[in-house]
Amino acid sequence: MSPLYKGALNHMNNDKRQNAFSWDETFMQICRVIAQRSKDPNTQNGACLVNEDNIIIGLGYNGFPRGCSDDDLPWGRDGEFCDKKYAYVVHAEENAVLNSGAADTRNAKLYCTLFPCNECAKVTIQRGIKELIYESDKYHDDPVWLASRKMLDMAGVKYRQYIPKNNLKFEENK
């Protein structure tokens, strides 16, 4: 190293910012933001799919498929199957995977605001995603989520809870 360069390094301020978000914090906050795109009056779920280099390869939120109007299908949770949102909504996790297109999802991580259901677990396993990071597991004891954990365990997909350290506050500009 040249003496001139060495001298310049000695005079640099090497005090980096200490409160930068971790990757977990960053991606979970992105999940919270994308969840705000959901038109569902009861549940707003977001998901963020990242590759091994922590590059976002897919985002998703719970909503109806492309081309299906948010005004022409039901958002309710009661009634016959075709009269409830469950017949039509694509979950955030599945949307994030589908929105990744041809990206390689093997060994990727899927961040989501809610623990994935059994159907989203199947998609996660089939696409080779290695880890799920979720914020809430409010349906933990429901059979759908018991099946989800059973399949994830069998397939060797790791999962863990991450509760963000920061709160987001959305306010309209005045």
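This is a predicted model: local features need pLDDT of at least 70, side-chain atom pairs count only at pLDDT 80 or more; totals for chains, interfaces and linings use all residues.
With a relative accessibility of 38%, Leu168 falls between the cut-offs of 20% and 50%, so it counts as partly exposed.

Next comes a pair of helices. Two packed helices are described by the angle between their axes and by how far apart those axes are. For helix 4 (residues 118-126) and helix 5 (residues 143-155), the axes come within 8 Å and cross at roughly 15°. Angles under 35 degrees count as roughly parallel, and helix 4 and helix 5 are therefore roughly parallel to each other. As for handedness, the crossing of helix 4 and helix 5 is right-handed.

Most residues other than glycine have a negative phi. Asn54 is not a glycine, yet its phi is positive, at about 60°. Asn54 belongs to the loop that links strand 1 (46-50) with strand 2 (56-61). Its relative accessible area is 18%, and since buried means under 20%, Asn54 is buried.

Asn107, also not a glycine, has a positive phi of about 70°. This residue is in the loop running between helix 3 (92-98) and strand 3 (109-114). At 37% relative accessibility, Asn107 counts as partly exposed, whereas Asn54 is buried.

Conventions: Residues are numbered from 1 along each chain as its sequence is written. Side-chain values use heavy atoms; hydrogens and water are left out. Buried means under 20% relative accessible area, exposed over 50%, partly exposed in between (1.4 Å probe, protein chains only). Axes are lines fitted to C-alpha atoms, for helices over the stretch in contact, and angles run from 0 to 180 degrees between N-to-C directions. Helices (H or I, at least four residues) and strands (E, at least two) are DSSP runs, numbered from the N terminus. Angles under 35 degrees count as roughly parallel, over 145 as roughly antiparallel, 65 to 115 as roughly perpendicular and the rest as oblique. A crossing is left-handed if the near helix is turned anticlockwise from the far one by less than a right angle, and right-handed if clockwise.
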